Amino acid sequence: MYLWGSHLEGLENFTHEFNKSIDFDKILFEEDIKGSLAHVKMLGEVGIITEDDCKIISNELKNILEEIKNNKLKIDLGEEDIHSFVENELTRRVGDVGKKLHTARSRNDQCALDLRLYSKKSLIIIKSEIKKLIETIIEIAQENKETIMPGFTHMQHAQVTTFAHYILSYGQMLSRDLDRLTETFDRLDENPLGSCALVTTSFNIDRFMTTELLNFKKPTENSMDSVSDRDYVLEILFNNSVIMTHLSRLCEELIYFSSSEYSYIKFSGKFSTGSSIMPQKKNPDMAELVRGKSGRCYGDLLTLFTILKGTPLSYNKDFQEDKEPLFDSVKTVTSSLKIMNGILKTIYINKEKMRESAEEGFLNATDLADYLVLKGLPFREAYSVVGQIVNYAIERNEKLENISLEKYKDFHKVFEKDLYNFIKIENSLKNRKVYGGPAPDAVDRQINNLIESIKI
C-alpha cells in the first residue's frame with residue numbers, strides 16, 4: 001500500500017523495488033514507533049484527536065513494538081519503508097482510528113526524527129566502545145612504564161621511549177575522538193518533529209512537548225532546514241572516519257611490530273589466523289581487516305557529501321540514500337573498536353626484544369648532544385660533534401656507551417666521565433620528565449589525565 005495520493009498511478013514492480021527503502025531502514029522500527037508514540041500523545045494532549053483514540057493508537061503501537069522485538073511480528077519487506085509498514089500494520093489492527101496517527105505530520109519530519117534518534121543512540125554506543133578501548137590502553141600503560149622501546153620517525157630508530165608512552169599516544173587520539181562525538185551529539189540533539197513536509201502545520205501542535213517526550217534538548221529552529229539537511233550525519237561519518245584512521249594507524253604498527261623482523265609483540269590466536277598452505281604462519285588478519293575497513297568509512301563519508309551537494313531546499317528523495325552510509329559506518333566503527341579492544345587485551349609484549357632493539361641505532365645520540373649543551377656548547381656545534389662521533393661508532397660497529405673517554409676527548413675536551421651516566425638508556429628516559437614526555441612521572445600524569453577525560 002502506498003501512502004501518497006490516489007491520483008497517482010501505481011508503481012511498476014521494478015520501480016517499486018527501486019523506490020523502496022524498507023530493506024535497510026527496517027532497523028529504525030524502534031525509533032519510528034517511539035516517535036509515533038510521542039506524536040500521538042501530543043495530539044491527544046492538545047485536543048487534535050480524542051483521548052480514547054490516543055489510547056487505542058498508543059496501546060497498539062506498543063504491542064507492535066514488542067512483537068517486532070520478540071520476533072512475533074515479521075516486518076513485511078514488500079512495504080515501501082518502515083514508516084508505511086508500521087502505519088499500515090496499525091490501521092490493519094485498529095481500523096480507521098489508526099489513520100489519525102499521521103495527522104499534523106509528514107514522512108519528511110518523520111524520517112528526520114528517526115534518523116536523529118538513531119544517531120543519538122549510535123553515538124552513545126560508539127562513545128562507550130571508545131571508553132572501553134581507552135581503559136584497556138590505560139591498563140597496558142600502567143603495566144609498561146618501564147618497558148623500554150625505540151621511538152621512530154620516518155620508520156627509523158629515533159629516540160628511546162617506553163611502550164606506555166607509545167600506547168598512550170593512541171589514548172590521546174581516541175580521547176579527542178570522544179570529544180568530537182560529544183560535540184556532534186550536542187549539535188544533533190534537536191527535535192525536527194512538527195516541521196512536517198517543510199513549513200510546519202496549521203494544527204495547533206506542541207513541538208516542545210514532543211521534544212521533552214523524546215528527550216531532545218530543544219526543537220529545531222527552522223522547519224525547512226529540519227527536513228532537508230543532514231550535516232549532523234556528515235559529522236558522524238567524518239568522526240567515524242577519523243576514529244578509523246587512528247585504529248588503522250595502530251593496526252599498521254602492530255602488524256609490523258609482530259613481524260619476524262621486529263618481534264616486539266605477538267597477536268593472540270583469538271585475533272589471528274593461519275595460512276591455508278603454510279602451517280607455520282600466524283597472520284594478523286583481524287588487525288588487517290580493521291585497517292582495511294577504514295576505507296569503507298571514508299567511502300561512506302564521500303557518498304553522503306556527494307548526495308547532499310546538489311540538493312535544493314527542501315526535502316528530496318535523494319535523502320533516502322543517507323541511511324545506508326550511516327548504518328554501514330556505525331556498524332564498521334563499532335565492530336572495529338570491539339576488535340581493537342580484544343587485540344590489545346590479549347596481546348603479548350616482548351619486553352626483552354624491545355629493550356634489545358632500543359640499544360641499536362644510537363638512540364641516545366640526542367642525549368649526548370644535550371650533554372654537550374649543558375657543558376656550554378651551542379646546540380648546533382654539539383650536533384656536529386655528535387654526528388662525527390656517530391660516524392666513528394658506525395665505522396667500528398660500536399655503541400656510544402662503549403667508546404672510551406680518551407676517544408671522546410679527541411672529539412671535544414669538555415667530555416668527562418659523567419657522560420656515560422647521561423647517555424644510559426634508563427637515564428635518557430628519566431631525564432625526559434617534561435610534561436607529556438616518557439619519564440615514568442610524566443607518564444603517570446598522562447594516565448591520570450586520561451582517566452579523568454573518560455569520566456565525562
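This is a predicted model: local features need pLDDT of at least 70, side-chain atom pairs count only at pLDDT 80 or more; totals for chains, interfaces and linings use all residues.

**Entry 1: a cut-off before I start**

**Entry 2: H6 and H19**

I began with helix H6 (residues 107–143) and helix H19 (residues 440–453), which pack at about 160° with their axes 10 Å apart. H6 and H19 are therefore roughly antiparallel to each other. I noted the crossing of H6 and H19 as left-handed.

Which residues meet there, in H6 and in H19? From H6 I listed Ile 134, Ile 138, Ala 141 and Gln 142, and from H19 their partners Ile 447, Leu 450 and Ile 451. Sorted by class, the contact of H6 with H19 comes to 6 nonpolar residues, 1 polar and no charged.

**Entry 3: H10 and H11**

Next I looked at H10 and helix H11 (residues 285–308), whose axes come within 8 Å and cross at roughly 160°. That angle makes H10 roughly antiparallel to H11. The crossing of H10 and H11 is left-handed. In the contact of H10 with H11 I found 16 nonpolar, 4 polar and 5 charged residues.

**Entry 4: H4 and H5**

Then I turned to helix H4 (residues 51–69) and helix H5 (residues 82–94), which pack at an angle of about 120° with axes 10 Å apart. This makes H4 oblique to H5. Is the crossing of H4 and H5 left-handed or right-handed? I have it down as right-handed.

On the H4 side I wrote out Ile 56, Ile 57, Glu 60, Leu 61, Asn 63, Ile 64, Glu 67 and Ile 68. They meet Phe 85, Val 86, Glu 89, Leu 90, Arg 93 and Val 94 in H5. The contact of H4 with H5 has 9 nonpolar, 1 polar and 4 charged residues.

**Entry 5: the cores**

I moved on to the nonpolar cores. How many residues does the largest one have? It has 92, and those with the most contacts inside it are Ile 130, Ile 167, Leu 247, Leu 254, Ile 265, Met 340 and Leu 344. Helix H10 (residues 231–257) gives the most to this core, with 14 residues. Apart from this core lies another, of 21 residues, including Leu 372, Ile 389, Ala 393 and Phe 415.

I then looked up the surroundings of Ile 130. Leaving out residues up to four places away in sequence, Ile 130 touches Leu 174, Asp 177, Leu 178, Leu 181, Ile 243 and Leu 337.

Val 233 lies in helix H10. Is Val 233 buried or exposed? At 0% relative accessibility, Val 233 counts as buried. Not counting residues up to four places away in sequence, Val 233 touches Leu 115, Leu 304, Asp 322 and Leu 326. I also checked Val 233 against His 412: these two are 179 residues apart along the chain, and 62 Å separates their C-alpha atoms.

Val 414 sits in the loop between helix H16 (405–411) and helix H17 (419–423). Val 414 is buried, with a relative accessible area of 18%; the cut-off for buried is under 20%. Val 414 and Leu 372 are 42 residues apart in sequence, with 7.5 Å from C-alpha to C-alpha. Val 414 touches Tyr 371, Leu 372, Lys 375 and Leu 377, again not counting residues up to four places away in sequence.

**Entry 6: backbone spots**

I finished with the backbone. Which residues does a cis peptide bond join? They are Leu 313 and Ser 314, with omega at about 0°. Ser 314 is in the loop between H11 and helix H12 (323–346).

Ala 104 is not a glycine, yet has a positive phi of about 60°. I placed Ala 104 in the loop between H5 and H6, and Ala 104 is buried at 9% relative accessible area.

Met 155, another residue other than glycine, has a positive phi near 65°. Met 155 is in the loop between strand E1 (148–153) and strand E2 (156–162). With 46% relative accessibility, Met 155 counts as partly exposed.

Terms used: Residues are numbered from 1 along each chain as its sequence is written. Side-chain values use heavy atoms; hydrogens and water are left out. A nonpolar core is a set of buried Ala, Val, Leu, Ile, Met, Phe, Trp, Tyr and Cys residues joined through side-chain atoms within 4.5 Å. Buried means under 20% relative accessible area, exposed over 50%, partly exposed in between (1.4 Å probe, protein chains only). Helices (H or I, at least four residues) and strands (E, at least two) are DSSP runs, numbered from the N terminus. Contact means heavy atoms within 4.5 Å. Axes are lines fitted to C-alpha atoms, for helices over the stretch in contact, and angles run from 0 to 180 degrees between N-to-C directions. Angles under 35 degrees count as roughly parallel, over 145 as roughly antiparallel, 65 to 115 as roughly perpendicular and the rest as oblique. A crossing is left-handed if the near helix is turned anticlockwise from the far one by less than a right angle, and right-handed if clockwise. Ala, Val, Leu, Ile, Met, Phe, Trp, Tyr, Cys and Pro count as nonpolar, Asp, Glu, Lys and Arg as charged, and the others, Gly among them, as polar.
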